[in-house]
Amino acid sequence: MTDPRHATRQPPEEGTYLRQIKSYVLRTGRVGPGQQRAFDQFGPRFLLRYDAAQPLDTAAAFGRTAPLILEIGFGMGAATAQIAQTRPGDNFLCCEVHEPGVGALLKLCGEQGIENIRIFQHDAVEVLEHQLAENSLDGVHIFFPDPWHKSRHHKRRLIQPAFVNRLARHLRPGGYLHLATDWQPYAEQMLEVLNAEPLLANTATDAGLGGYAPKPDYRPLTKFENRGLKLGHGVWDLVFIRR
Ligand SMILES: C[S@@+](CC[C@H](N)C(=O)[O-])C[C@H]1O[C@@H](n2cnc3c(N)ncnc32)[C@H](O)[C@@H]1O
């Protein structure tokens with residue numbers, strides 16, 4: 001019998017990963033037994049098959065039409081599951097390349113009956129480029145993207161002018177881009193890049209916050225973030241709207 005996990009999981013094609021600088025390094029993290037079961041049991045329901053040749057039929061993928069939010073890099077998916085449950089009227093299209101994280105979110109979706117999440121275990125940059133149309137997104141979430149601290153790695157950071165322009169073009173007018181980071185130099189880069197993108201307008205109006213937004217209520221505080229805040233570390237949210 002075909003293992004549904006292998007029917008839905010797709011390793012990158014040889015060479016694909018050499019063409020472009022990636023925002024991640026694929027770690028060979030161990031998929032735990034619970035996550036493995038989640039792949040088997042819930043994969044067919046929640047995983048989408050990446051297909052560079054076909055735009056995604058989102059109504060078919062979700063079984064309904066609703067505002068579409070793209071999340072890039074959900075990690076272990078705890079915040080994602082919480083957000084989807086507090087916003088049942090929205091569809092969440094979630095991309096992550098780290099396999100144990102995909103297993104963890106599948107487990108949450110299956111066990112908690114979260115119907116408004118679909119998952120690509122694939123590079124979000126490629127999903128955006130090949131499977132999603134311009135003006136098709138109502139929101140984009142990128143929470144705590146890898147900060148790539150060393151300057152020789154800055155080129156791997158997701159938030160760069162060309163990618164932000166692509167994100168902006170994929171948003172519908174009035175759609176939002178929400179970024180969060182706990183690394184101040186990256187927050188500053190984010191603010192500079194987003195401010196320079198003519199398609200985007202900053203929603204932050206409180207001059208005291210210096211261009212950053214108050215944390216929107218739907219974004220839960222993660223355990224990690226909570227610990228950091230108690231130690232006096234900062235977190236910066238940025239919320240921009242497509243003009
Ligand atoms: C530092 S983690 C943050 C995870 C989560 N958002 C959180 O707040 O805990 C960044 C995640 O983004 C994922 N990632 C990085 N680049 C990606 C890409 N191009 N497509 C999909 N996932 C990506 C990484 O695998 C990693 O799990």
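Predicted model: local features only at pLDDT ≥ 70, side-chain atom pairs only at ≥ 80, totals over all residues.
Residues are numbered from 1 along each chain as its sequence is written.

The UniProt record, an unreviewed entry, places a "binding site" annotation on Glu 71, Glu 96, Asp 123 and Asp 146. They span 76 residues in sequence, yet no two of their C-alpha atoms are more than 14.1 Å apart, so they gather at one spot. Such annotations may be inferred rather than shown by experiment.

Let's look at two of these residues. A residue is buried with 20 or more other C-beta atoms within 10 Å of its own, exposed with 12 or fewer, and partly exposed in between.

| Residue | C-beta atoms within 10 Å | Class |
|---|---|---|
| Asp 123 | 22 within 10 Å | buried |
| Asp 146 | 16 within 10 Å | partly exposed |

Asp 146 lies in the loop between β4 and α7; helices (H or I, at least four residues) and strands (E, at least two) are DSSP runs, numbered from the N terminus.

Now to β5 (residues 171–181): 8 of its 11 residues are buried, so this strand is largely enclosed by the rest of the structure. Strand β5 pairs with β4 in the parallel sense over 6 bridges, pairing requiring at least two DSSP bridges. With β7 (residues 236–242), β5 pairs in the antiparallel sense, over 6 bridges.
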